[in-house]
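Take a look at the chain below. Keep its sequence beside you as you read.

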Amino acid sequence: MIILETFIFFLLTSVSFISLAGYGLVYTARYKLDILTSFFLGFVILGLLITTIHFFYKIHLYINILILLIGVIFFLINRKLYNLKIYDKKNYIYILIFFALIPIFLTHKYHEDFGYYHLPYLITFAEQKLIFGLANTNDAFVHNSLWLNIIGVHFMPKNFDFVILFTFLAYACFIIFCFKKNFEISEKKVSNYFIIICLFYLILKFTRLSEFGNDIPATIFSIFGIFYFLKFIESKNLEKQYKFFFLNFAFTIFAILIKFSSIPLIFLTMYILLKNFRILFKQVLRIEFIIVYLLIFTFFIQQFFYTGCIIFPSKFSCLNVSWFNDEILFLRKSLELTNKSYYNFSYIFSKDEYLKDFNWIPFWFQRNINEILEHLITTLIPIILFLFFLKQKKKKILIFNEKKIFILFLSIYFIFWFKFSPVFRFAIPLFLSLIFILTINFFAYKEI
């Protein structure tokens, strides 16, 4: 059994990586992206495909195999565009990194949410085509995550061991991506420093995938959105700016569709677009952008079919259709109370009193301060070590021209998070960005 599962793991891992890279390559051939970036963009196509197909068919094993094989065919037809250097020594290092991360997958235990709504949703996804009013069967289905659609590709009847495989693959490939961006580029910029902070945090904290559920992919794609914002403002080449703007846009939208807590990231995308509207306004009409628009459309249509509302928990977006149940609107307050730690102190206030006049803040602070400090200290320790051991340069190396805009973004992000969902794991990109902006001046003259 162990030998069989090991074989399935490596087979699924290889096929899934190649398939998504194939989809990503076909999708964005004009940008000549590396294989890892194409792999992450492949999730956009996969999300669109599987969500659309589910409108008409149940997503059973044969459909999943077909979806993966089509991606593999795309890869084989177009693989020359990647300019892969198979015998490059650096590739062996990245393979070694991947193998070093495999124990994270092998030792995972499912998040407590898995049995509550992940597994029931996946079973429904595999056994039924789209069900109108699905949210009425389980409160957790009221707001769906695009990631739950995607991980359905690896759902096997009576075997749930590989459901988390895409989460693991995204994590492992992101770690390798960070290494590549820092060790294969001679000129280090602000974006490199940001990705280094993210790299060390993810290695130190995300050692058990089960603790974070859908938060890992949301965090990774949010980091990508911020990273490519930084790459855009660093670049003076127009073609590269086109590419970086698209990557910022695609990854930002994808992160939001996984977790609505990522919504503030759209500020960076809008800033790029509005500031550079003259050169970018035609770009947003290109096919690669249209595919992202289609993904947005299909996701919210699915959401409407599940709940009767296009956007939860906004009452204005709900229509008086037969499957709409207005009781789902009360879930907003319940979620707010949970996120603001009410149920740890329910013996002190009533629900209304707790939320009134910011009464919740000191209790929320008491409940969350240790966790927040733990994560921040974990992020700061390697940075402090770097500060002492990196070489000093006379010339300023890290130049950040949009610092004020980035601070404004962080302010908006913090207000949004603190108002709606003040749980640390929902704002990991916010705190990583905060550490980044607070420490960048210390490293401006350091050789990274």
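The paragraphs below go through salt bridges, cysteines, a surface patch and two further spots.

This is a predicted model, in which local features need pLDDT of at least 70, side-chain atom pairs count only at pLDDT 80 or more, and totals for chains, interfaces and linings use all residues. Residues are numbered from 1 along each chain as its sequence is written, and side-chain values use heavy atoms, with hydrogens and water left out.

Start with charge. Side chains of opposite charge can pair when their charged atoms come close. A salt bridge here is a side-chain nitrogen of Lys or Arg within 4 Å of a carboxyl oxygen of Asp or Glu. The whole structure has 6 of them.

One of these salt bridges joins Arg30 to Glu288, with the closest N and O atoms 3.0 Å apart. Arg30 sits in the loop between helix H1 (2-27) and helix H2 (35-54), while Glu288 belongs to helix H13 (residues 287-307), so the pair ties together parts 258 residues apart in sequence. Helices are DSSP runs of H or I with at least four residues, numbered from the N terminus. Is Glu288 buried or exposed? Glu288 is buried, at a relative accessible area of 2%. Arg30 is partly exposed, at 32%. Buried means under 20% relative accessible area, exposed means over 50%, and partly exposed lies in between (1.4 Å probe, protein chains only).

Glu288 has another partner. Its side chain also meets that of Arg286 in a salt bridge (3.3 Å, N to O). Arg286 is partly exposed, with a relative accessible area of 33%. Shared partners join Arg30, Arg286 and Glu288 into one network.

Now find Lys205 in helix H8 (residues 190-205). The side chains of Lys205 and Glu374 form a salt bridge at 2.5 Å, N to O. This pair links distant parts of the chain: Lys205 is in helix H8 and Glu374 is in helix H16, 169 residues apart. Lys205 counts as buried because its relative accessibility is 14%. Glu374 is partly exposed, at 42%.

Next, the cysteines. A disulfide is a pair of cysteine sulfur atoms within 2.5 Å. How many does the structure hold? The structure holds 1 disulfide. Cys309 and Cys318 form it, with their sulfur atoms 1.9 Å apart. The torsion about their S-S bond is about 100 degrees, so the disulfide is right-handed. Cys309 is buried at 1% relative accessibility, and Cys318 is buried at 14%.

Cys198 is in no disulfide. Cys178 is buried, with a relative accessible area of 0%. Cys198 is also buried, at 0%.

Turn to helix H11 (residues 266-275). Its buried residues are Leu268, Thr269, Tyr271, Ile272 and Leu273. They pack against helix H9 (215-234), helix H10 (238-258), helix H12 (277-280) and helix H17 (403-420). Contact means heavy atoms within 4.5 Å.

Finally, look at the surface. Leu373, Ile377, Ile381, Ile384, Leu385, Phe388 and Phe389 form a nonpolar patch there, with about 770 Å² of accessible area together. Patch residues have over 30% relative accessible area and no salt bridge; like charges are joined within 9 Å, and nonpolar side chains (Val, Leu, Ile, Met, Phe, Trp, Tyr) within 5 Å. Accessible areas come from the Shrake-Rupley method with a 1.4 Å probe; for residues, only the protein chains shown count as cover. Ile377 lies in helix H16 (residues 360-389).

Methods
Helices (H or I, at least four residues) and strands (E, at least two) are DSSP runs, numbered from the N terminus.
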